[in-house]
Amino acid sequence: VMVGGRFTIAVAITAVLFALLVGMIGGGVAGFYGGFVGGVVMRTADLMLSIPVLLVLLLFSSVFSPGFLLLCVLIGSVQWMEVARVVRSVVLSTRENEYVDAARALGLPNNRILVRHILPHTSGPMLVAATLGLAQAILIESTVSFFGFGLQPPAVSWGALLRNAQGYLASA
């Protein structure tokens, strides 16, 4: 169980870090620039939120050979949308502050204003999104591995342990 937990938690942490990175970039750009770019990013997030997560993961896991990195990227790619929405809302409220106007008046480029003055305010909501996403990533990885599409043996995860233990339900 401890060895299975090591792989499951490693996949979950890596997937959440990937989701945080993509969500922070997407939400930051959508909130700061707005307009057409923000609309495209947020409509993409809305579209991806409407697709069932388990269906997408099982489809891609069956097409490609499941490995550690692929599984992390797949799980992270279905979790970035929540992070992007949270980051966008914080950026929308923060970009109206006086110190952002002062940075613009000083002639700082938009990228620097976004990275140095606005995105640090997203750390609290992103920490909450990361903890919730970690639990969700553990459940997703265990579910995919339970169905046989996750990490393959010699790697052991909690879902694979449950799948292997199912044969003992009748006798134990």
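**View A. At 21% relative accessibility, Arg 95 counts as partly exposed.** Buried denotes under 20% relative accessible area, exposed over 50%, and partly exposed the range in between, with a 1.4 Å probe and protein chains only. The model is predicted, so that local features need pLDDT of at least 70 and side-chain atom pairs count only at pLDDT 80 or more, whereas totals for chains, interfaces and linings use all residues. Residues are numbered from 1 along each chain as its sequence is written, and side-chain values use heavy atoms, with hydrogens and water left out. The side chain of Arg 95 meets that of Glu 96 in a salt bridge of 3.3 Å, N to O. A salt bridge here is a side-chain nitrogen of Lys or Arg within 4 Å of a carboxyl oxygen of Asp or Glu. Glu 96 counts as exposed, at 53% relative accessibility. The structure holds 4 salt bridges.

**View B. Arg 43, Asp 46 and Arg 85 are linked in a network of salt bridges.** Asp 46 and Arg 43 are separated by about one helical turn because they are 3 residues apart in helix H2. Helices are DSSP runs (H or I, at least four residues), as strands are (E, at least two), and both are numbered from the N terminus. An α-helix has 3.6 residues a turn, so residues three or four places apart point the same way. Arg 43 is exposed, with a relative accessible area of 53%, whereas Asp 46 counts as partly exposed at 25%.

**View C. Asp 101 and Arg 104 form a salt bridge in which the closest N and O atoms are 3.5 Å apart.** Both residues belong to helix H6 (residues 98-105), where they lie 3 residues apart, about one turn of the helix. Asp 101 is partly exposed, with a relative accessible area of 41%. Arg 104 is likewise partly exposed, at 37%.

**View D. Phe 32 and Tyr 33 form an edge-to-face aromatic pair.** The structure holds 3 aromatic pairs. For Phe 32 and Tyr 33, the rings are 5.1 Å apart centre to centre, with 85° between the planes. Rings of Phe, Tyr and Trp (its six-membered ring) pair if their centres lie within 6.5 Å; planes under 30 degrees apart count as stacked, over 60 as edge-to-face and the rest as tilted. Phe 32 is buried, with a relative accessible area of 6%, while Tyr 33 is partly exposed at 37%. Another pair, formed by Phe 60 and Phe 64, is stacked, with 6.2 Å centre to centre and 0° between the planes. Phe 60 is partly exposed, with a relative accessible area of 35%, and Phe 64 is partly exposed at 42%.

**View E. Tyr 33, Phe 36, Val 37 and Val 40 make a nonpolar surface patch of about 400 Å².** Patches are made of residues with over 30% relative accessible area and no salt bridge; like charges are joined within 9 Å and nonpolar side chains (Val, Leu, Ile, Met, Phe, Trp, Tyr) within 5 Å. Accessible areas come from the Shrake-Rupley method with a 1.4 Å probe, and for residues only the protein chains shown count as cover. Helix H2 (residues 35-49) contributes the largest share of the patch, 3 residues. Phe 36 is placed in helix H2 and counts as exposed, at 70% relative accessibility.

**View F. Helix H4 (residues 68-77) has Leu 71, Cys 72, Leu 74, Ile 75 and Gly 76 as buried residues.** The cover over the buried residues of H4 includes helix H1 (2-33), helix H3 (53-63), helix H5 (80-94) and H8.

**View G. Gly 133 and Ser 142 are both found in helix H8.** Gly 133 counts as buried, at 9% relative accessibility. Leaving aside neighbours within four places in sequence, Gly 133 is in contact (heavy atoms within 4.5 Å) with Val 16 and Gln 79. The C-alpha atoms of Gly 133 and Leu 20 are separated by 9.2 Å, although the two residues are 113 residues apart along the chain. Helix H8 spans residues 123-146. Ser 142 counts as buried at 14% relative accessibility, and with neighbours within four places in sequence left aside, Ser 142 is in contact with Thr 8, Trp 158 and Gly 159.
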